[in-house]
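Hi,

Here is the structure I promised to pass on to you.

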Amino acid sequence: MMLRRTATVLAGLFVLFVLIAPSDLEKFTFEAFLRVPLEGLIGVMVLVLLPDRIRKPFAIAGGVALGLFTVVKIMDIGFDMVLYRPFDLVLDWPLLVPAVDFVDVTFGRVASVFAVLAAVALVVGIVALASLSVLRLSSVSARRRPAAIRAVALAVVACVSLAVPGVPVYSDAAATSLVDHARRFQAGLKDQEAFAAEASVDSYRGQQGLLSSLQGKDVVITFVESYGKSALDLPDVTAKLAQGNERLKAAGYTAKSALLTSPTAGGGSWMAQATLLSGLWIDNQQRYRNLVASDRLTLPRAFREASWRSVGVVPGITQAWPEGDFFHYNKIYQAQDLGYTGPRFGYATTPDQFTLEAFQRAERSGEHQPVMAAIPMVSSHAPWSPTPDTVDWSALGDGSIYRTMPASNDPPESIFGRDPAAVRADYGHSISYSLESVISYVERYGDENLVLVFLGDHQPAQMVTGEGASRDVPITIVAKDPAVLSRVEAWKWDEGIRPSGSAPVSRMSDFRDHFLSTFSSPRP
């Protein structure tokens with residue numbers, strides 16, 4: 001008797017928790033669970049009033065639905081923690097593959113296989129538990145039909161009589177979540193048509209004389225992983241930007257900075273990079289797939305058609321990358337093409353400083369054709385620990401020097417379950433390292449013909465930014481030739497390499513057109 005009662009109580013508590021629990025971990029408070037779930041009351045009444053012959057199959061079906069709803073709610077919580085938004089039932093399934101790849105690269109193949117198996121077991125276990133719970137509650141309610149009906153009636157009366165403005169007594173969180181997902185589902189189905197309409201408009205396709213005012217320049221666009229607006233207030237980053245600004249001015253360079261709104265946050269670097277280079281808003285994997293299957297004019301392609309040598313240096317790519325053909329690079333340097341023999345530091349296949357050195361050796365040493373390069377740097381990729389040290393450029397060699405660093409043998413640390421202050425400190429240190437790599441590259445290898453653009457791809461996870469952060473990221477253009485910077489005066493960007501809080505903000509998808517417009521027309 002005691003075992004059956006315990007099972008009933010636990011089943012009730014499980015169903016209550018699932019129905020009431022918020023989809024945002026930040027809202028998991030004691031008060032949030034002191035509510036009566038309206039969906040639960042309706043469910044009890046339906047099960048009590050159903051004929052006996054169909055109650056059991058109906059309860060099982062309801063339990064399966066509740067279990068799947070629980071899985072989606074867990075996905076919502078995870079996506080909110082990392083990507084600042086709920087899970088999209090139409091567009092987000094492809095993102096699970098990069099998530100597994102991240103575990104594989106960071107923690108090893110065994111860990112990724114275990115993670116997949118654990119996820120499958122969790123889904124099956126949740127659905128089974130939900131089904132058993134609903135079935136148990138259905139059976140008990142049917143045997144005690146009058147008591148169940150009275151309990152529901154009392155709960156309804158309590159919700160009405162105890163209602164106070166601003167103090168919720170009941171909860172309709174599950175129904176609200178289902179409605180929200182239904183709306184997003186419908187929007188996701190329509191997104192492909194909307195994207196096709198956006199992509200059909202390209203005023204720069206086929207234009208002659210593009211980028212004419214940059215002839216003879218080496219144009220390098222570097223994406224600093226996870227370099228978001230939130231980094232600008234961290235001590236390590238603030239100090240590095242202030243110091244770096246003075247160093248670049250002393251070396252004869254001028255810089256201007258602003259903010260771009262990224263299409264993603266917490267992850268999805270490839271979508272942000274594609275957005276900047278294509279001039280289209282790529283905020284989901286469906287759009288990305290449609291983009292790379294199209295004939296859109298990208299910045300790398302525009303430079304190539306204007307007689308530059310166009311290259312992509314992508315140390316984060318370790319496997320076949322058929323999407324790379326879309327960008328029309330003359331040459332793609334993947335991780336294995338950079339000549340690096342040192343250890344990995346967390347997710348990063350290659351330290352940022354070495355990545356820039358490898359690019360310099362391959363494309364900018366000695367007499368060379370003007371080159372345009374897009375370089376996503378990965379040292380500041382989560383989990384942000386360990387981070388390599390900056391070394392003398394002449395000592396980089398094949399990367400063997402990194403084996404002597406104490407951190408080279410440290411396993412990567414998960415950002416979850418750690419002190420958020422420690423995670424933020426590691427994040428700030430890794431961004432500072434990446435910025436140092438860019439700044440010192442300009443000092444060592446810059447000249448009158450170098451035009452450097454460096455920017456963040458997206459904000460880091462909410463553990464770093466806190467709740468409610470924007471999706472803005474810094475962007476900076478650096479050049480020694482005053483003619484280059486004079487052309488961007490109309491952008492009204494801030495002076496220096498650190499944008500202020502009042503710096504201009506534009507969508508990342510606007511950058512391609514602004515850049516082509518600015519550097520393609522004759523100088524006034």
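Below is what I found, starting with how the model was handled.

This is a predicted model, so keep in mind that local features need pLDDT of at least 70 and side-chain atom pairs count only at pLDDT 80 or more, while totals for chains, interfaces and linings use all residues. Residues are numbered from 1 along each chain as its sequence is written, and side-chain values use heavy atoms, with hydrogens and water left out.

Which residues of α8 are buried? They are V237, K240, L241, G244, N245, R247 and L248 (buried means under 20% relative accessible area, exposed over 50%, and partly exposed in between, with a 1.4 Å probe and protein chains only). As a reminder, an α-helix has 3.6 residues a turn, so residues three or four places apart point the same way. The buried residues of α8 pack against α13 (420-445) and β9 (472-479).

On the α13 side, look at E436, which sits in that helix. E436 is buried, at 10% relative accessible area. Leaving out residues up to four places away in sequence, E436 touches K240, Q243, R247 and T390 (contact means heavy atoms within 4.5 Å).

Next, a helix pair. Helix α2 (residues 38-49) and helix α3 (residues 52-83) pack with their axes 9 Å apart, at an angle of about 150° (axes are lines fitted to C-alpha atoms, for helices over the stretch in contact, and angles run from 0 to 180 degrees between N-to-C directions). That makes α2 and α3 roughly antiparallel to each other (under 35 degrees counts as roughly parallel, over 145 as roughly antiparallel, 65 to 115 as roughly perpendicular and the rest as oblique). V46, L47 and V48 of α2 make the contact with R55, F58 and A59 of α3.

Now for the charges. Side chains of opposite charge can pair when their charged atoms come close. How many salt bridges does the structure hold? There are 21 (a salt bridge is a side-chain nitrogen of Lys or Arg within 4 Å of a carboxyl oxygen of Asp or Glu).

Here are some of them:

- D233 and R498 meet at 3.5 Å, N to O. The pair links distant parts of the chain, 265 residues apart. D233 is exposed at 63%, and R498 is partly exposed at 32%.
- E363 pairs with R309, with the closest N and O atoms 2.7 Å apart. E363 lies in helix α12 (residues 352-364) and R309 in strand β5 (residues 309-314), 54 residues apart. E363 is buried at 7%, while R309 is partly exposed at 25%.
- R512 pairs with D513, the closest N and O atoms being 2.8 Å apart. R512 is buried at 1%, whereas D513 is partly exposed at 28%.

There is also a network of salt bridges that links D191, E198, D283 and R287.

Cheers

Terms used: Helix = DSSP H or I, 4+ residues; strand = E, 2+ residues; numbered from the N terminus.
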